[in-house]
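Work through these exercises with the model open beside you. Each task is followed by a stepwise solution.

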Amino acid sequence: MSAFTPYQSIAATRRLLRSKEISPVELLEGLEQRIATADSSIGAYIARDLEAAKNEAVTADLSKPLGGIPIGIKDAISVAGQPLQSASRILDGYTAPYDATAVAHLRAAGAIPFGRMNMDEFAMGSSTENSAFHPTRNPWDLNRIPGGSSGGSAAAVASGTALATLGSDTGGSIRQPAALCGCVGLKPTYGRVSRYGLIAFASSLDQIGPLTSTVEDSGILLNAMAGKDPHDSTSLELPDEDFTAEIGRDLKGLRIGVPKEYFVDGMEPCVRASVDAAVKQLVSLGAEPVEISLPHTEYAVAVYYIIATAEASANLARFDGVRYGRRSPEAKDLLSLYEKTRAEGFGREVKRRIILGTYVLSSGYYDAYYLRAQKVRTLIRRDFDQAFTKVDAIVSPTSPETAFRLGEKTDDPLKMYLADIFTIATNLAGICGLSLPCGFSNRDGVDLPVGLQLLGRPFGESRLLRIGHAYEQSTDWHKRRPGLIS
Amino acid sequence: MEFSMSTEAPHHTIDVPYLARLARLEVTPEEIEIFGPQIGRILDHVEQMNKLDISGIEPTAHAITVFDVIREDAVTESLPKKTILENAPHNANGLFVVPKVLD
């Protein structure tokens with residue numbers, strides 16, 4: 001019997017489990033020990049139930065693709081019988097009555113959901129500072145944020161306290177924290193993974209996806225989760241696909257688009273240099289670089305913050321103090337029950353977005369804001385359609401900067417929003433995107449991870465993972481570990 | 001593309017208390033003072049969309065649209081009533097309890 005080793009991939013752990021070098025219960029106990037040591041300074045976890053997980057581990061079927069593999073779940077995703085709060089006070093005391101379809105699929109593949117991962121409240125934020133529980137810290141520098149909104153999911157993988165986790169991505173919430181923490185994050189194509197059981201933020205943009213330590217692992221998890229779900233009418237019926245099938249093939253003949261709008265002044269110099277070097281590396285692996293243009297990029301932040309807040313203001317109307325979570329003890333009548341419960345239950349960023357979303361949908365402003373944004377969304381989508389007639393994938397930085405300090409942007413929401421510039425157009429266009437480590441930027445004496453973003457055509461995940469894997473295996477970035485935690 | 005912001009007063013002003021009422025959200029005087037200029041500045045940024053000619057462009061509601069998703073109209077199992085009610089802040093006799101609506 002061997003002990004649990006942090007940072008082992010799903011693929012490697014699966015081999016150890018099958019050869020009985022470690023049992024699923026030992027794996028969980030080792031993981032719990034690692035969490036107890038490393039997570040006290042990071043705060044990636046909100047809650048976890050070791051006993052419940054061990055009960056599942058005892059009967060784990062190791063012949064299944066994810067047999068006995070524990071997976072951390074973002075607090076926006078339902079796991080039957082476990083707390084579900086989207087890191088919000090308004091859902092205090094709420095227990096998920098059913099499994100999200102993505103979680104049910106993971107279970108069917110043998111996985112054990114273990115741990116509730118911290119996040120920005122209702123997935124609104126880019127730093128995990130908007131959690132009602134506590135902030136999560138970046139494993140590379142505890143004074144810095146892990147990114148968001150799936151900051152707990154990314155920080156756990158990057159600190160070796162989870163083999164893999166689920167996150168959700170509405171405007172970059174999987175890819176940006178993966179980039180800032182130095183792990184792999186995949187946002188599948190809209191419709192690829194069912195959203196049933198994911199607490200809705202912006203329904204036309206939300207998508208569940210994996211955060212992992214290797215590109216191959218993200219394919220393994222997508223294999224388990226993808227598919228049509230009768231509970232989500234936007235999930236799509238597609239032929240069965242092994243998303244790891246192209247992994248290991250070389251890049252000869254693939255064309256990689258380099259969008260000139262994504263390489264602009266104002267970026268952190270080391271991010272620019274790392275991504276430039278990554279493009280050269282992809283070329284040395286056989287890919288052909290093609291300069292492309294995504295001319296409507298500059299409008300993406302504007303379009304996103306209208307559409308996402310409009311949808312959020314409608315989706316969050318259900319939190320009214322009647323059916324779930326908390327109710328204000330101050331409520332005198334039905335109106336004050338709504339108004340006071342929501343005032344006490346929602347954090348500041350959520351309130352700000354509800355008010356903005358209400359404004360853009362309100363009488364007299366709908367055409368000028370919401371309808372116009374939907375039309376510009378069409379132009380953004382067309383940019384990608386046109387680009388993908390010329391290239392197999394698009395390469396860019398995931399974020400214009402590495403992890404910023406806690407508190408650095410909390411007073412300036414627009415500044416926080418503008419940092420999402422490279423990830424949000426992906427969601428508006430519905431395409432798939434992958435972030436993986438491509439270098440480090442030294443800030444104040446500390447090396448911070450830089451993320452490379454690869455974007456693919458709708459339902460082009462297999463090609464994306466092939467490119468990502470080839471790059472990953474030709475570099476050592478994914479092997480570096482934060483020095484702060486032993 | 002610009003990553004730094006001006007601190008000047010925004011061009012857009014919004015009626016925060018009115019919008020908060022529409023959203024059934026009580027806001028404090030402090031929040032009104034903070035949200036007004038912040039949202040104003042976001043709307044200033046959004047204004048750049050007006051530079052674009054969007055005549056003849058169809059709106060996109062969903063990037064990948066599927067139409068007419070229907071299922072068989074069959075009775076299927078749903079979640080147990082008890083499980084759902086137990087998650088409510090106040091329930092009795094198999095119902096959600098709310099303050100009196102009519103006198």
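**Exercise 1. A helix pair in chain A**

At what angle do α9(A) and α12(A) pack, and how far apart are their axes?

*Solution.* The model is predicted, so local features need pLDDT of at least 70, side-chain atom pairs count only at pLDDT 80 or more, and totals for chains, interfaces and linings use all residues. Residues are numbered from 1 along each chain as its sequence is written, while chains are lettered from A and ligands numbered from 1 in the order in which they are written.

Step 1. Helices (H or I, at least four residues) and strands (E, at least two) are DSSP runs, numbered from the N terminus.

Step 2. Axes are lines fitted to C-alpha atoms, for helices over the stretch in contact, and angles run from 0 to 180 degrees between N-to-C directions.

Step 3. Read the values. The angle between α9(A) and α12(A) is about 125°, and their axes lie 9 Å apart. That makes the pair oblique. The classes are roughly parallel under 35 degrees, roughly antiparallel over 145, roughly perpendicular from 65 to 115, and oblique for the rest.

Step 4. The crossing of α9(A) past α12(A) is left-handed. A crossing has that hand if the near helix is turned anticlockwise from the far one by less than a right angle, and is right-handed if clockwise.

Step 5. List the contacts. Two residues are in contact if their C-beta atoms, placed from the backbone, lie within 7 Å. From α9(A) come A:A300, A:V303, A:I306, A:I307 and A:A310. They meet residues of α12(A) including A:Y369, A:A373, A:R377 and A:I380. By class, this contact has 10 nonpolar residues, one polar and one charged. Ala, Val, Leu, Ile, Met, Phe, Trp, Tyr, Cys and Pro count as nonpolar, Asp, Glu, Lys and Arg as charged, and the others, Gly among them, as polar.

**Exercise 2. A second pair**

Classify the packing of α7(A) (residues 215–225) against α15(A) (residues 461–473).

*Solution.* Step 1. The axes come within 8 Å and cross at roughly 155°. Therefore α7(A) and α15(A) are roughly antiparallel.

Step 1. A:V215, A:E216, A:S218, A:G219 and A:L222 form the α7(A) side. A:E461, A:L465, A:G468, A:H469 and A:E472 form the α15(A) side.

Step 2. Sort this contact by class: three nonpolar, four polar and three charged residues.

**Exercise 3. Inside chain A**

Is A:M117 buried or exposed?

Step 1. Count neighbours. A:M117 has 32 other C-beta atoms within 10 Å, so it is buried. A residue is buried if 20 or more other C-beta atoms lie within 10 Å of its own, exposed if 12 or fewer, and partly exposed in between, with C-beta atoms placed from the backbone.

Step 2. Look beyond four places in sequence. The contacts of A:M117 include A:I46, A:I73, A:D75, A:G152, A:S153 and A:A156. A:G152, A:S153 and A:A156 are among the buried residues of α5(A).

Step 3. Check that helix. In α5 (residues 151–158) of chain A, eight of eight residues are buried. Just after α5(A), A:G160 has a positive phi of about 70°.

**Exercise 4. The two chains**

How many residues of chain A are in contact with chain B?

*Solution.* Step 1. 68 residues of chain A are in contact with 48 of chain B. Among the elements of chain A giving two or more residues are α9 (300–315) and α12 (367–387). α12(A) gives the most, with 11 residues. This side of chain A has 37 nonpolar, 14 polar and 17 charged residues.

Step 1. Chain A has 15 helices and 11 strands. Its radius of gyration is 21 Å, close to the 23 Å that the globule rule gives for 486 residues, so chain A is as compact as a globular protein of that length. This radius is taken over C-alpha atoms, and the rule is 2.2 Å times the number of residues to the power 0.38. Chain B follows the pattern α-α-α-β-β. Chain B has a radius of gyration of 23 Å, whereas a compact globule of 103 residues would be near 13 Å.

Step 2. Buried residues make up 64% of chain A. In chain B, 19% count as buried.
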